[in-house]
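Subject: Handing over the structure

Dear colleague,

I am passing on the structure we spoke about, and below it you will find my notes on what was found. Please keep the two side by side as you read.

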Amino acid sequence: MEAVGRPIIEALSRYRTEDPAEAADVGRVRALAESAADPWLRSTPLHVTASALIVHPASARVLLRWHGRLGSWLQVGGHGDPGETEPLDIALREAAEETGLDDLVPYPYPDGAGPSLVQVVIVGVPAGGGEPAHDHADLRFVLSTDRPEAARPERPDAPLRWMSVPEAMEAAAEANVREALRRVGALLG
């Protein structure tokens with residue numbers, strides 16, 4: 001196993017899949033992390049990404065971001081920067097960049113020992129923005145904020161919206177995002 005992939009393997013070793021399709025995706029991500037010199041490298045047809053569903057536990061709401069290229073409300077997150085290897089750290093950085101929230105912590109366990117990794121899924125990304133079609137092996141975390149009013153979009157064309165879990169499930173176009181939201185709803189009670 002390459003050292004760059006070790007944090008991915010460690011995150012997956014603590015994760016419990018919920019169905020056979022997710023178990024197959026986890027197997028593919030594990031194989032990628034074990035064999036690729038850099039599983040985060042965007043130039044490969046399948047690469048790892050880290051994203052986050054941000055929650056405000058007191059109001060049981062979730063924050064979604066409009067993704068214009070995909071025409072859908074999605075979780076925040078994305079690619080690792082050169083030298084980054086820790087999935088949770090990448091999800092935290094991306095979430096802070098895209099929302100302006102500076103108090104984000106893993107939910108429900110701030111020490112990172114709990115189930116803040118809520119879903120692992122491989123999703124197809126259509127060609128666009130100078131990139132060919134490719135697949136993201138997305139590790140999805142749950143992060144929380146105590147200051148939802150501080151959320152600010154990174155760009156005007158990427159608005160943010162706080163929603164109840166049912167509203168978010170209705171707004172999300174992709175079945176895999178709705179499944180992540182279902183799991184977040186169970187965590188929030």
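Which residues does Pro39 touch, not counting residues up to four places away in sequence? Taking contact to mean heavy atoms within 4.5 Å, Pro39 touches Val4, Gly5, Ile8, Leu32, Ala33, His47 and Val48.

Before going further, please note that this is a predicted model, in which local features need pLDDT of at least 70 and side-chain atom pairs count only at pLDDT 80 or more, while totals for chains, interfaces and linings use all residues. Residues are numbered from 1 along each chain as its sequence is written, and side-chain values use heavy atoms, with hydrogens and water left out.

Pro39 itself is found in the loop between H2 and E1, where helices (H or I, at least four residues) and strands (E, at least two) are DSSP runs, numbered from the N terminus. Pro39 counts as buried because its relative accessibility is 0%; buried means under 20% relative accessible area, exposed over 50%, and partly exposed in between, with a 1.4 Å probe and protein chains only. Ten residues separate Pro39 from Thr49 in sequence, and their C-alpha atoms are 9.0 Å apart in space.

Helix H1 (residues 6-13) packs with helix H2 (residues 20-35) at an angle of about 150°, their axes being 8 Å apart; here axes are lines fitted to C-alpha atoms, for helices over the stretch in contact, and angles run from 0 to 180 degrees between N-to-C directions. That angle makes H1 roughly antiparallel to H2, since angles under 35 degrees count as roughly parallel, over 145 as roughly antiparallel, 65 to 115 as roughly perpendicular and the rest as oblique. On the H1 side, Ile8, Ile9, Leu12 and Ser13 meet Val26, Val29, Arg30, Ala33 and Glu34 of H2.

Within H1, the buried residues are Pro7, Ile8, Ile9, Ala11 and Leu12, and what covers them includes H2, E1, H3, E6 and E7.

Arg61 lies in strand E2 (residues 61-67) and is partly exposed, with a relative accessible area of 27%, whereas Ser164 lies in strand E8 and counts as partly exposed at 24% relative accessibility. Leaving aside neighbours up to four places away in sequence, Ser164 touches Ala60, Arg61 and Val62. Although Arg61 and Trp162 are 101 residues apart along the chain, their C-alpha atoms are separated by 6.1 Å.

Finally, Glu98 has its place in helix H3 and counts as buried because its relative accessibility is 7%.
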